[in-house]
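Biologist: I have a model open and would like to learn how to read its features. Could you take me through a few?

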Amino acid sequence: MTIKQCYQAMGADFEEISQRIPSEAMIRKFAVKFPEDKSFAELTKALEQGDVETAFRAAHTIKGLCLTMGFSHLTAPASELTELLRAGRLDGSEALYDQLAQAYNRTVELLRAVD
């Protein structure tokens, strides 16, 4: 699968990222590194431990990566979870985390299928 097909399959906006990174090869280079980032694992662990501060930092990093890479389908759940955690709250985080996890796992699966 090409990187453009990957973006389309995940529901991300390839045209938007193409305006910021005009080379498809560069988009691919950075996008396929996304699964290597440890922020999602850190978020999962922090939420399990009730560590709001660490969870916030991890969610904020994920949000930033999604915005940078044009993963628009991940931006909304990452942003909502970030704002909840910014307020120091864990109540409601489970549902937001589940939404994020589902989209994140699908994204990683698709990125690993890129040629």
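Predicted model: local features only at pLDDT ≥ 70, side-chain atom pairs only at ≥ 80, totals over all residues.

Biologist: Let's start inside. How many residues does the largest nonpolar core have, and which of them have the most contacts inside it?

Modeller: The general idea first: in soluble globular proteins, nonpolar side chains tend to be buried together. In this model the largest nonpolar core has 38 residues, and Ile-3, Tyr-7, Leu-43 and Phe-71 have the most contacts inside it. Two or more core residues come from each of α1 (3-10), α2 (14-20), α3 (24-31), α4 (39-49), α5 (52-69), α6 (72-86) and α7 (93-111). The largest share, nine residues, is from α7.

Biologist: Take Ile-3, then. Which residues does Ile-3 touch, leaving out those up to four places away in sequence?

Modeller: Ile-3 touches Phe-14, Glu-24, Ile-27, Arg-28, Ala-31, Leu-111 and Val-114.

Biologist: Leu-111 is on that list. At what angle do α1 and α7 pack?

Modeller: Two packed helices are described by the angle between their axes and the distance between the axes. For α1 and α7, the angle is about 160° and the axes are 10 Å apart. Over 145 degrees counts as roughly antiparallel, so that's the label for α1 and α7. The crossing of α1 past α7 is right-handed. On the α1 side the contact is made by Ile-3, Cys-6, Ala-9 and Met-10, and on the α7 side by Thr-107, Leu-110 and Leu-111.

Biologist: Now the charges. How many salt bridges does a search of the whole structure find?

Modeller: Side chains of opposite charge can pair when their charged atoms come close. Here the search finds six salt bridges. One of them joins Arg-20 to Glu-16, with the closest N and O atoms 2.9 Å apart. Both residues sit in helix α2, four residues apart, which is about one turn of the helix.

How values were computed. Residues numbered from 1 in each chain as written. Heavy atoms only, no water. Core = buried A, V, L, I, M, F, W, Y, C linked by side-chain atoms within 4.5 Å. Buried < 20%, exposed > 50% of the residue type's maximum accessible area, 1.4 Å probe, protein only. Contact = heavy atoms within 4.5 Å. Salt bridge = Lys/Arg side-chain N within 4 Å of Asp/Glu carboxyl O. Axes fitted to C-alpha atoms, helices over the stretch in contact; angles between N-to-C directions. Parallel < 35°, antiparallel > 145°, perpendicular 65-115°, else oblique. Left-handed = near helix turned anticlockwise from the far one by under 90°.
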